[in-house]
Amino acid sequence: MTNEALSQGSREQTDGFHLVIDALKLNDIDTIFGLVGIPITDLARLAQAEGMRFIGFRHEQHAGNAAAIAGYMTQKPGICLTVSAPGFLNGLTALANATTNCFPMILISGSSEREIVDLQQGDYEEMDQLAAAKPYAKAAYRVLHAEDIGVGVARAIRAAVSGRPGGVYLDLPAKLLAQSLDAEQGRKSLIKVVDAAPRQIPAPESVKRALDVLKSAKRPLILLGKGAAYAQADADIRAFVEKTGIPYLPMSMAKGLLPDSHVQSASAARSYVLAEADVVLLIGARLNWLLAHGKGKTWGSAPKQFIQVDIAPTEIDSNVAIAAPLIGDIGSCVSALLAGVDAGFAKPSAEWTGAIAERKDKNLTKMAATLALNPSPMNFHSALRAIRDVLKPRPDIYVVNEGANTLDFARSIIDMAEPRKRLDSGTWGIMGIGMGYAIGAAVTSGKPVVAIEGDSAFGFSGMEIETICRYQLPVCTIVFNNNGVYRGTDVNPTGGKDVAPTVFVKGARYDKMIEAFGGKGYHATTPDELAAALVEAIASGKPALINAVIDEAAGTESGRLTNLNPQLAAKKK
Ligand code: ADP
Ligand code: TPW
């Protein structure tokens with residue numbers, strides 16, 4: 001061997017595996033949520049060896065949901081790592097959900113041999129993952145050469161968090177991970193992303209137009225969406241709401257941005273304010289199905305003008321005409337609006353705020369009476385009253401929530417007092433986010449999590465209670481057990497052996513499931529038992545599951561969304 005070859009051989013080498021981890025770490029990413037297998041097992045091992053946290057799941061969808069919610073909480077992309085084809089597809093649901101909800105995450109999947117995949121020659125877990133990811137992701141990239149890993153990771157980070165946040169797919173073929181490269185050259189190829197989500201300052205004329213429309217209002221209303229919560233402009237948003245004195249409505253994940261007990265919250269008079277407002281200022285909320293597309297009966301007959309603050313210009317006019325679009329990041333837009341609230345800005349009339357207060361009082365009194373009842377078996381209201389009372393002095397606790405009735409009732413009964421603490425089914429009304437979000441929130445924050453789950457909703461991610469036990473996370477899951485999807489009372493009209501499509505095993509003991517993994521199970525049949533179990537579970541800081549037995553006849557089909565079910569147009573003879 002020549003001297004030159006010797007010195008070449010002794011030069012430090014790196015490889016694709018190391019470069020991926022180095023690139024993530026260089027960008028302050030410290031956690032990977034994933035599930036191992038060919039070709040990424042060593043990537044997970046290496047991440048751990050290099051000081052990152054690797055949280056292993058039982059199904060990729062939940063790893064992806066954990067990554068997405070970590071992204072929402074931190075404004076840094078959450079990372080989900082999966083194997084090829086089936087693992088990738090399992091993670092893709094979470095990626096699509098993240099994109100739909102505007103949460104920044106990166107799905108990194110190993111993939112098979114490009115040459116074989118592209119000629120469709122039948123490789124192990126063969127699939128054109130890049131093509132499959134594209135329609136469901138904000139962006140999708142594939143890296144073929146080790147020296148491009150730095151660029152690939154940098155582009156993925158920037159695409160995930162800049163502008164409207166979303167899910168990004170990064171395809172890493174097996175061959176890439178094993179490629180070796182001179183270590184120095186490798187180091188130089190990495191990119192530390194500078195100002196990944198730059199501020200986007202709104203145009204002054206747009207700010208003026210928005211303020212002019214707002215000043216013209218007789219019955220103004222502010223709608224806060226989860227984009228406003230994501231933006232972490234909490235102090236300015238609160239200052240703007242309070243300085244203007246305008247009543248506001250939080251969308252479900254914006255609850256807590258201002259405490260739900262705030263005097264200006266119009267939540268308890270929601271239908272009234274949506275119908276009666278004449279100028280509506282949307283901050284980080286889309287006029288999608290959750291807001292009846294900004295039209296129809298929900299919005300009343302009086303003419304309405306919308307002002308919309310959003311980072312995505314194409315969101316404007318998506319459903320109805322927007323009189324004053326304000327494009328920019330919410331922090332910059334709200335601070336510009338706040339600066340424009342001068343002495344000449346009149347607070348809303350006492351007639352408007354008084355009418356809202358009257359409705360609120362009436363509705364809250366009615367709700368209090370319903371909540372005070374103690375039916376046996378428990379219903380959604382009495383169970384949620386118990387949970388509400390335990391959570392009230394603990395605003396630091398994260399609340400994860402999914403189901404139909406369980407979601408709808410918990411959203412209105414459980415008050416939130418801190419921003420970004422309520423994590424739920426979001427834009428799609430998806431079932432299956434429960435344990436993934438709970439794990440993501442607990443791992444990211446180190447804070448306790450209470451997951452309030454319909455029994456059907458829980459089933460989608462229930463196996464992840466093993467993950468919760470394995471990492472000893474402070475997560476208490478409460479399963480609202482009413483024996484089925486929505487309720488448990490349907491019968492098979494044929495009298496046949498199969499139960500009705502909505503019905504589960506009656507009297508299931510979900511609490512026994514967690515005991516299999518060393519967690520603490522509770523069986524609660526009354527609000528007192530439920531409250532006692534929850535107090536103990538939270539105090540322990542350990543994994544727990546409460547099987548809360550709810551009247552199987554309580555609740556309605558699809559909860560609040562009964563009207564979205566298409567009706568049978570014809571009856572078969
Ligand atoms: P909700 O479901 O709570 O009504 P949506 O998810 O429908 O909220 O809307 C969130 C909106 O917020 C999206 O249109 C998104 O583009 C926008 N958004 C997200 N982050 C920011 C930000 N930092 N600045 C401005 N707009 C943002
Ligand atoms: C991925 C459809 C909406 S709500 C729901 C289903 C199956 C469960 C309702 O029963 P649960 O709640 O959880 O017991 P409750 O409080 O009414 O008793 N698949 C996906 N997402 C959705 N939304 C569905 C199916 C659905």
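How many residues line the second largest pocket, and which of them lie nearest its centre? The lining has 14 residues, and Asp-30, Thr-31, Ala-70, Lys-76 and Thr-444 are the ones nearest the centre. Please keep in mind that this is a predicted model.

- By residue class, the lining holds six nonpolar, four polar and four charged residues.

**Ligand 1 and its shell**
- Ligand 1 is surrounded by 19 residues, and the closest of them are Arg-164, Lys-226, Arg-286, Asp-310 and Ile-330.
- Asp-310 makes a side-chain approach: one of its side-chain N or O atoms is 2.5 Å from an oxygen atom of ligand 1.
- Ile-330 uses its backbone instead, with a polar atom there lying 2.9 Å from a nitrogen atom of the ligand.
- Gly-284 also takes part through its backbone, where a polar atom is 3.4 Å from an oxygen atom of ligand 1.
- On its own, ligand 1 would expose 580 Å², and the protein buries 96% of that area.
- Helix H12 (residues 226-230) is the element that gives the most to this shell, supplying three residues.
- The shell is made up of eight nonpolar, six polar and five charged residues.

**Ligand 2 and its shell**
- Around ligand 2 there are 16 residues, with Asn-405, Thr-406, Gly-429, Asp-455 and Ala-457 the closest.
- Asp-455 places a polar side-chain atom 2.6 Å from an oxygen atom of ligand 2.
- Ser-456 contributes from the backbone, with an N or O atom 3.0 Å from an oxygen atom of ligand 2.
- The area that ligand 2 exposes when taken alone is 590 Å², of which the protein buries 76%.
- Helices H18 (405-413) and H20 (455-461) are the elements that provide two or more residues of this shell.
- H20 has the largest share, at four residues.
- Sorted by class, the shell around ligand 2 has seven nonpolar residues, eight polar ones and one charged residue.

Technical notes: Residues are numbered from 1 along each chain as its sequence is written. Chains are lettered from A and ligands numbered from 1 in the order in which they are written. This is a predicted model: local features need pLDDT of at least 70, side-chain atom pairs count only at pLDDT 80 or more; totals for chains, interfaces and linings use all residues. Side-chain values use heavy atoms; hydrogens and water are left out. A residue is near a molecule or strand if one of its heavy atoms lies within 4 Å of it. A polar contact is a pair of N or O atoms within 3.5 Å; within protein, one must be able to donate a hydrogen and the other to accept it, and residues adjacent in sequence count only if both atoms are side-chain atoms. Accessible areas come from the Shrake-Rupley method with a 1.4 Å probe; for residues, only the protein chains shown count as cover. Ala, Val, Leu, Ile, Met, Phe, Trp, Tyr, Cys and Pro count as nonpolar, Asp, Glu, Lys and Arg as charged, and the others, Gly among them, as polar. On a 1 Å grid over the protein atoms alone, a cavity is a set of points where a 1.4 Å probe fits but cannot get out, and a pocket is an open set with protein on both sides within 12 Å along at least five of seven lines; lining residues have an atom within 4 Å of a point.
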